[in-house]
Amino acid sequence: MKLFIASDIHGSAYFCRRMLEKYKESGAERLVLLGDILYHGPRNDLPREYAPKEVIAMLNSIAKEIVAVRGNCDTEVDQMVLSFPILSERALIADGKHRIFLIHGHKDLDATAAMLGEGDVLLYGHTHVPSERLTENGCLILNPGSISIPKENSGHSYMIYDGGEFSRSTVE
């Protein structure tokens, strides 16, 4: 199983386009979105080429390939224009090697991690900062960072999951 994992597009048509180019190049079977798809949020500056309607059209064109969870900036109105489910706060992908749990990360991060065990993976976004840590109970917690509004001098980043391994890359 090969997954392309990204978070926090925040309505950037430029970075959504770049992300989708990398997604197609990667040969991944699914695009995993960890929330905050269309709206930039009141705490963030407008991202490059802020154009949510363009993002909607790009993502809807591959709706059947997307697995997404709800971010703190995603609303019922967003779901009305997107052709794939975005309102679930949690999702699970199992590939025989790992149980991969998806959340946005703005709430319940530590509580969710505490329920997981050795070999499990918890993917989250929200912070806009890439991170990786292993919990005492053996759960790997990963954040791909933000594709459009990176923070703490991190790049515009995403992750690939392929054959049980995770790698991180950036777009510009």
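Biologist: Where does His-10 lie?
Modeller: His-10 is in the loop between S1 and H1. Helices (H or I, at least four residues) and strands (E, at least two) are DSSP runs, numbered from the N terminus. This is a predicted model: local features need pLDDT of at least 70, side-chain atom pairs count only at pLDDT 80 or more, and totals for chains, interfaces and linings use all residues. Residues are numbered from 1 along each chain as its sequence is written, and side-chain values use heavy atoms, with hydrogens and water left out.

Biologist: What about the phi of His-10?
Modeller: The phi of His-10 is positive, about 55°, although this residue is not a glycine. Most residues other than glycine have a negative phi.

Biologist: Is His-10 buried or exposed?
Modeller: His-10 counts as buried because its relative accessibility is 0%. Buried means under 20% relative accessible area, exposed over 50%, partly exposed in between (1.4 Å probe, protein chains only).

Biologist: And what is the phi of Glu-152?
Modeller: Glu-152 is not a glycine either, yet has a positive phi of about 55°. Glu-152 sits in the loop between strand S8 (140-143) and S9. Its relative accessibility is 68%, so Glu-152 counts as exposed.

Biologist: On to the sheet. What is the strand order?
Modeller: The order is S3-S2-S1-S9-S10, 5 strands in an open sheet with mixed pairing. Two strands pair if DSSP finds at least two bridges between them.

Biologist: Which strands stand at the edges?
Modeller: Strand S3 (66-68) and strand S10 (165-171) do. Each has a single partner strand, so one side of each is left without a neighbour in the sheet.

Biologist: How many bridges join S9 to S10?
Modeller: There are 7 bridges between S9 (residues 156-162) and S10, and the two run antiparallel.

Biologist: What does H1 lie across?
Modeller: Helix H1 (residues 13-26) lies across strand S1 (2-6), strand S2 (30-33), S9 and S10. H1 runs at about 165° to S1. Axes are lines fitted to C-alpha atoms, for helices over the stretch in contact (heavy atoms within 4.5 Å). Angles run from 0 to 180 degrees between N-to-C directions.

Biologist: Last topic. How many disulfides does the structure hold?
Modeller: It holds 0 disulfides. A disulfide is a pair of cysteine sulfur atoms within 2.5 Å.
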